[in-house]
Number of protein chains: 2
Amino acid sequence: MSDDLQNKIAELGMTIRKLKSDKAPSDEIEKEVAKLLALKAELGDDSQTGKFVLKCPKGTRDYNPLQMVIKEEAFSKIIKCFKKHGAVSIDTPVFELKETLTGKYGEDSKLIYDLADQGGEVLSLRYDLTVPFARYVAMNKIQNIKRYHIAKVYRRDNPAMTRGRFREFYQCDFDIAGQYDPMLPDAECVKLAAEILTSLNIGQIIIKVNHRKLLDGMFAACGIPTEKFRSISSSVDKLDKTPWEEVKEEMVKEKGLDEHCANLVGEYVRLNGGKELIEKLEKDEKLSKEKLAMEGLKDMNVLLKFCEIYGVIDMVLFDLSLARGLDYYTGVIFEAVVQGKQHIAKPTANGGDDPGSNAGVGSVAGGGRYDDLVGMFDPKGRKVPCVGISFGIERIFSIMEQKIAEEKLERRTTETEVFVASAQKNLAEKRAELCRMLWDAGIKTEQAYKYNPKLLNQLQYCEENKIPIAVIVGEAELEKGVVKLRKVKTREERDVPRSELVSAIREELKNIN
Amino acid sequence: MSDDLQNKIAELGMTIRKLKSDKAPSDEIEKEVAKLLALKAELGDDSQTGKFVLKCPKGTRDYNPLQMVIKEEAFSKIIKCFKKHGAVSIDTPVFELKETLTGKYGEDSKLIYDLADQGGEVLSLRYDLTVPFARYVAMNKIQNIKRYHIAKVYRRDNPAMTRGRFREFYQCDFDIAGQYDPMLPDAECVKLAAEILTSLNIGQIIIKVNHRKLLDGMFAACGIPTEKFRSISSSVDKLDKTPWEEVKEEMVKEKGLDEHCANLVGEYVRLNGGKELIEKLEKDEKLSKEKLAMEGLKDMNVLLKFCEIYGVIDMVLFDLSLARGLDYYTGVIFEAVVQGKQHIAKPTANGGDDPGSNAGVGSVAGGGRYDDLVGMFDPKGRKVPCVGISFGIERIFSIMEQKIAEEKLERRTTETEVFVASAQKNLAEKRAELCRMLWDAGIKTEQAYKYNPKLLNQLQYCEENKIPIAVIVGEAELEKGVVKLRKVKTREERDVPRSELVSAIREELKNIN
């Protein structure tokens, strides 16, 4: 009802705007404004929606041309690395049947965007790329695939846009699905993360690793009842930004955990290290009795061995406090964080992070093994084990943007090579002829969209936009059958016969690049 | 209410699926199934939603790896051409405030996807990229910009997926905004369309052009009242797939047009041609009295002149029956169609096309001038004239896919250059060492994710996936400090010292490419 009213108000607002833009008679406009005010009164004072606001939806942003250049630079590095590891690419729709997403995200399901019921299927916007991937694998009965997928996902979360946390954001996912030997695909995900994050040059990276089976074994060793595992795991997941005392309070007071158990958990989750920590835990009195914990440690051992062979062990930290929020993980879990806070805004006191996103302070990638997800979609429950990693590219963008701003690096937002200018009036058609010649030769060419632009303005445009070459046509040149070729940077000019123009330009561009 | 029930059913369906996948005790599963049946009974017989369906939402599709390769090939050609004409790139969110879209699409507004009201702003999925572009230009107070934007848009239309008509589909838009001299940006859009569609090699292209002012002047000349212009224009727009008699009936019976007027319209809309048609219309007794018509013809004259200079006049057809569905056009309009039906499925009898999309039979691009749209967003109604063209890439994909299938062209879906194989057991770590060496050298490398894969299987994988080089490590090679380098196609093998492996591979790849 109030929705209906809001729609009416929005429509009326647009009508008025259009009338104004069409310069309609003022009494006609006033009549519509009066209607609008009446509707607003009906809606009551608490609503502001009658006023047309020129903005992006909350938690979203436009990318301007410079941001697009930075984004494409990052994507191109990431895709290059995905291809280096032999991945194919797939794409899925931005929305899925709602039931496809149901029961996959635990507590975070409340953050899913639903589409309005306009008749037909019940739909939701995708929350990540992992569940659509699992749906794709099951639907196409795929036994094994290594794929990447770069696309936007949607979460109705509290945005913190200066920290790179949005409601619409890109994920760059790389996953390996198939029945394989332990830790081989998992270790490759760590290697890939190390390669990509190093190539992006965004600062010192640490890749934290842990294992869901070890976590569960640890919870069991601390005397926590099985049904509380996921919920206590969610609490542990907050440790990267919440002090232990607060997390403990949540466990004890909110989740009803025995304080003694909580203290035991506290002992474990402060541990992190490398191979020596695995050895220590293998001998731990309580853990060594837990089959799951021992299985997890065995995996970790192999994982670290391959990380060593792959030359990335120095970036890897085995960290017992790493838990990851999402329900679907079943084995190894990863999270990559940027060290040093120079490029990361501090979290505000009330701005707790979404546990389901990779948005911990400095967190730029996350993932893990999820062996049961495809089976949830298969009519016969046939499982396809999977492991993957997802790069949270918005955070990476904001670090890159900040670096570019700090280093005052200049980036072009176009790739134009030649600007065709005219020296006198009435030469628009002559310029068009030259443009045609250059376009047809594949040379990136612009011209002024004016019949009689001033030469100075045209040359200024070249300098401002860093277009390397200007081709100038004037009456004198026309008579001689030549054009002036001007190097914009040095302002050197020389005459070139029209028939030689394309090759002369190609030669110049070779020297410039 | 029924929605709530459907959600419960969907959730229960997932629970049961998970129980089955977890191999839970069968009595536990049966209990949940009983609950599900009860809920379904409550919902009544008309609903099928309780059964989990493994599918994409209606009117959408996944892209598999081969389709992605074709898509990226098309995008890369299109983007190259956009950049050749000096365009920058921008991106906008997939949804907008609902009121941003309100009042822009005329009758087609009913096809807009709304998001559910989950509190907060009222949102809709974008219907095209033009309105978000106009919002962007107004919001950022931009005076002029030439940008491209490739992204998916959403229309709750009747899908006809075999004909390349989807509810989620890509648009590739190129627009020029700014106060410029007549027809210079407009003619460049035609030139660009000709270049792109030629480079895509999808068959003979015709670019139809017309002018909204000429259409309006023509309607006036036929005695049609002003308030019926847009509605009669919508009827004319159907002429590319509906016979005149049916369109006339719609005009007369549904839209209440005088039959005499309709007959006059019928005389005009059957006309098409080139410059000679402009001359004829300039002398037309009725048209020559209409100021708007004369303005339109003057523009068309200039447009065709520049199309001639740009070398694309042979692809251009001035066609009085071209009307375009969308409300916002104010000047020149374009539509590119593929000639010859070999690659185009025939429309079904009841499958009328969405007048707002570029989905006429064979239509692969459309656009025009819209000088008032930015002003509708500007608080002061400040106008920024725009012209642009949008490529309907799904139709282009289906033509390309069909060609590839017909010509039995083989495409790789990965770019892997080297496969690292082992000749005996227990060499997984040795393989990993080699992979590290190659990855770190930037060479695209894969290996088997098995500890002890069979050599034959590994070599077969290379042949099936057209990986050009295999590097084989075995005990004999390890002793000698070499590896075997195998050219997969010719099966030639030679030993290479490990220290020379990277350069030997680079050399081989040069010869292969």
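This is a predicted model: local features need pLDDT of at least 70, side-chain atom pairs count only at pLDDT 80 or more; totals for chains, interfaces and linings use all residues.
Buried means under 20% relative accessible area, exposed over 50%, and partly exposed in between, with a 1.4 Å probe and protein chains only. As for bookkeeping, residues are numbered from 1 along each chain as its sequence is written, chains are lettered from A and ligands numbered from 1 in the order in which they are written, and side-chain values use heavy atoms, with hydrogens and water left out.

Back to A:Asn201: its phi is positive, about 55 degrees, although the residue is not a glycine. A:Asn201 lies in the loop between helix H6 (184-200) and strand S6 (205-211) of chain A; helices (H or I, at least four residues) and strands (E, at least two) are DSSP runs, numbered from the N terminus. A:Lys141 also has a positive phi, near 50 degrees, and is likewise a residue other than glycine. A:Lys141 sits in the loop between helix H5 (130-139) and strand S4 (145-154) of chain A, and is exposed, with a relative accessible area of 58%.

Next, the interface. The size of an interface is often given as the accessible area lost when the parts come together. Here the buried area, meaning the accessible area (1.4 Å probe) that two parts lose on being put together, summed over both, is about 10,000 Å² for chain A and chain B, with 58% of it on carbon and sulfur atoms. The contact (heavy atoms within 4.5 Å) draws in 115 residues from chain A and 115 residues from chain B.

Polar contacts are pairs of N or O atoms within 3.5 Å; within protein, one must be able to donate a hydrogen and the other to accept it, and residues adjacent in sequence count only if both atoms are side-chain atoms. The rule finds 50 residue pairs in polar contact across the interface of chain A and chain B, both residues being at pLDDT 80 or more. On the side of chain A that touches chain B, helix H1 (residues 2-21) of chain A gives the largest share, nine residues. Sorted by class, that side of chain A has 49 nonpolar, 25 polar and 41 charged residues, where Ala, Val, Leu, Ile, Met, Phe, Trp, Tyr, Cys and Pro count as nonpolar, Asp, Glu, Lys and Arg as charged, and the others, Gly among them, as polar.

Side chains of opposite charge can pair when their charged atoms come close. A salt bridge is taken as a side-chain nitrogen of Lys or Arg within 4 Å of a carboxyl oxygen of Asp or Glu. The structure holds 84 salt bridges over all chains, and the count between chain A and chain B is 16. One salt bridge pairs B:Arg135 with A:Asp62 (2.7 Å, N to O). B:Asp91 forms another with A:Lys71, the closest N and O atoms being 3.7 Å apart. B:Asp91 lies in the loop between strand S1 (88-89) and strand S2 (95-97) of chain B and A:Lys71 in helix H3 (residues 65-84) of chain A, so this pair joins two chains. Both ends are buried, B:Asp91 at 5% relative accessibility and A:Lys71 at 4%.

Within chain A, A:Lys84 forms a salt bridge with A:Glu195, with 3.6 Å between the closest N and O atoms. A:Lys84 is in helix H3 and A:Glu195 in helix H6 of chain A, so the pair ties together parts that are 111 residues apart in sequence. A:Lys84 counts as buried at 12% relative accessibility, and A:Glu195 is buried at 11%.

A:Glu259 and A:Lys248 also meet in a salt bridge (3.0 Å, N to O). A:Glu259 lies in helix H10 (residues 259-269) and A:Lys248 in helix H9 (residues 244-254) of chain A, so the pair ties together parts that are 11 residues apart in sequence. A:Glu259 is partly exposed at 45% relative accessibility, whereas A:Lys248 is buried at 13%. Salt bridges that share partners join A:Lys84, A:Lys191, A:Glu195, B:Arg436 and B:Asp440 into one network.
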